Amino acid sequence: MPRWFLPAFALGVGAFSALAATGALSPLSALAIGAAASAAVLAAITTREPAEAPLPLPPLEANDPAPMPPGAGQVLLARLPTPILLVARSGRVYYANPAAHQALPRLETGSHFAHLIRAPAFVEALSATLSDGDERAVSFTLHDKSERFIEARVALLPAGSAFGLEALALVQIDDRTDARRAEQMRSDFIANASHELRTPLASIIGYIETLQHHARDDPAARERFLGIMAREAGRMQRLVNDLMSLGRIEMTEHLRPGEVHSLEDIAAESAAALVPMAVQDGIDLQVRLDPGGTPVACDPDQLAQVFTNLIDNAMKYGGAGGTVRIARADPGKASPGRVGIAISDSGPGIDREHIPRLTERFYRVSVTSSRNKGGTGLGLAIVKHILNRHGGRLEIASAPGKGSTFTVWLPRADTRASRRGA
Ligand code: ADP
């Protein structure tokens with residue numbers, strides 16, 4: 001029998017008896033009033049009873065704490081950049097600071113915490129802390145519009161603290177998505193770089209052993225193996241150079257380049273340095289750029305590396321006997337204040353599914369083709385980072401059988417800026 005039943009029954013019957021005895025009411029009216037009194041007493045007692053379990057969402061309770069009094073504690077929490085929730089024993093969110101509202105757009109004060117964050121690990125941890133008072137740390141993933149990796153700490157604030165008369169759970173939420181992604185990228189990068197270095201190294205070690213044993217007295221084999229070893233060592237050297245370039249570029253990426261030079265002149269000089277290679281491969285290298293050109297704020301060595309990488313790719317992938325053209329990009333396609341140089345080739349082109357990923361480190365349409373052509377898989381990543389530093393961007397247009405066009409877009413230099421170069 002519920003605890004409230006006996007007192008309610010006694011009060012109801014008492015009211016009925018008293019009124020009937022005074023004769024002030026007919027027995028029927030007295031009975032009705034007695035029943036109403038019992039119902040009111042029952043209702044009052046029922047609403048005061050605390051909920052036993054935090055789940056599912058309990059009805060609003062008379063003993064839920066009153067809104068948090070404004071004071072030093074609340075002012076402090078409101079200023080914190082870390083999302084903070086205070087959760088009452090009933091499981092209702094009693095207070096959430098502005099950072100929490102920003103991190104959890106569905107958040108409503110007064111709703112149950114399990115409706116807000118449904119991750120089972122979080123619900124279990126907070127329920128356990130509310131019942132045993134122990135502090136806990138928990139990691140879980142939230143799936144809103146995108147996947148977010150969250151770390152939360154839950155602890156109990158004792159009753160009577162500045163935050164109110166009831167003990168409350170304090171929940172601190174830390175969105176670790178960006179840090180997780182950066183860690184993942186770093187470890188992928190190290191794994192890729194090690195793999196890229198290990199392959200030529202293993203090949204060189206293998207040939208050294210062969211030369212020391214079976215091929216010791218075979219001059220023809222020795223010549224052939226030394227040629228392969230030189231090629232593999234060259235590949236390792238290019239990879240180490242590209243890795244070091246990338247590291248240096250990343251270190252200066254936040255620094256705005258201070259010199260002003262002609263974009264066309266830098267592109268033309270980079271192309272000129274590659275003429276011997278074009279001649280050797282029978283490539284028609286056409287440079288259609290006006291001298292003088294457009295001033296851009298830049299690091300000229302870095303911009304020369306951008307054009308060298310792009311023209312080198314156009315010649316490598318465009319194939320022997322092809323055409324590579326370097327010209328001003330259609331000004332009609334430029335956003336205001338921007339200038340573009342387009343490098344086009346007559347090669348096999350690239351399937352559209354690959355295009356968005358080409359500037360990722362070590363991403364290649366065909367690893368074998370890239371390796372055979374002496375590629376490291378870092379050229380376009382270097383281009384992207386240099387252009388980021390210059391406030392520019394790379395546009396790639398390509399389709400199978402139609403060749404490729406890589407366009408470098410850069411902001412024109414503010415003409416009021418001092419001309420230190422050019
Ligand atoms: P890699 O050292 O492999 O050339 P990059 O970062 O310079 O590395 O280029 C990444 C990939 O993009 C290449 O492996 C190749 O698959 C593709 N690619 C780049 N430029 C061209 C191009 N002009 N034509 C066709 N594919 C290209």
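Colleague: What do buried, exposed and partly exposed stand for when I read a residue here?

Modeller: Buried means under 20% relative accessible area, exposed means over 50%, and partly exposed lies in between. The model is a predicted one. Take S203, which sits in helix α7, residues 177–212. Its relative accessibility is 22%, so S203 counts as partly exposed.

Colleague: How do I read the packing of two helices, and at what angle do α8 and α13 pack?

Modeller: Begin with the angle between the axes, then the distance, then the residues in contact. Helix α8 covers residues 219–252 and helix α13 covers residues 379–389. They pack at an angle of about 20°, and their axes are 10 Å apart. Angles under 35 degrees count as roughly parallel, and α8 and α13 are therefore roughly parallel to each other. Their crossing is left-handed.

Colleague: Which residues of α8 and α13 make the contact?

Modeller: From α8 they are D242, S245, L246, I249, E250 and T252. From α13 they are A381, I382, H385, I386 and R389. By class, this contact has five nonpolar, three polar and three charged residues.

Colleague: Why might residues some places apart in a helix point the same way?

Modeller: An α-helix has 3.6 residues a turn, so residues three or four places apart point the same way. In α13, the contact with α8 includes I382, H385 and R389.

Colleague: How many residues of α13 are buried?

Modeller: Eight of its eleven residues are buried, so α13 is mostly covered. The buried ones are L380, A381, I382, V383, H385, I386, L387 and R389. Just after α13, G391 takes a positive phi of about 70°.

Colleague: What is the idea behind a salt bridge, and how many are there here?

Modeller: Side chains of opposite charge can pair when their charged atoms come close. In this model the count comes to 15 salt bridges. One of them joins D132 to R136, with the closest N and O atoms 2.7 Å apart. D132 is partly exposed at 39% relative accessibility, and R136 is also partly exposed, at 23%.

Colleague: Which residue pairs with R389, and how far apart are the two parts in sequence?

Modeller: R389 forms a salt bridge with D299, their closest N and O atoms being 3.4 Å apart. R389 lies in helix α13, while D299 is in the loop between β8 (295–298) and α11 (300–318), so the pair ties together parts that are 90 residues apart in sequence. R389 is buried, with a relative accessible area of 8%, whereas D299 is partly exposed at 22%.

Colleague: Where does K333 lie, and what is its salt-bridge partner?

Modeller: K333 is in the loop between β9 (323–328) and β10 (338–345). Its partner is E395, and the closest N and O atoms are 3.5 Å apart. E395 lies in strand β11, residues 393–398, so this pair ties together parts that are 62 residues apart in sequence. K333 is exposed, with a relative accessible area of 53%.

Colleague: Which residues do salt bridges with shared partners join into one network?

Modeller: They are E151, R176 and E183.

Terms used:
Residues numbered from 1 in each chain as written. Predicted model: local features only at pLDDT ≥ 70, side-chain atom pairs only at ≥ 80, totals over all residues. Heavy atoms only, no water. Axes fitted to C-alpha atoms, helices over the stretch in contact; angles between N-to-C directions. Helix = DSSP H or I, 4+ residues; strand = E, 2+ residues; numbered from the N terminus. Parallel < 35°, antiparallel > 145°, perpendicular 65-115°, else oblique. Left-handed = near helix turned anticlockwise from the far one by under 90°. Contact = heavy atoms within 4.5 Å. Nonpolar A, V, L, I, M, F, W, Y, C, P; charged D, E, K, R; others polar. Salt bridge = Lys/Arg side-chain N within 4 Å of Asp/Glu carboxyl O. Buried < 20%, exposed > 50% of the residue type's maximum accessible area, 1.4 Å probe, protein only.
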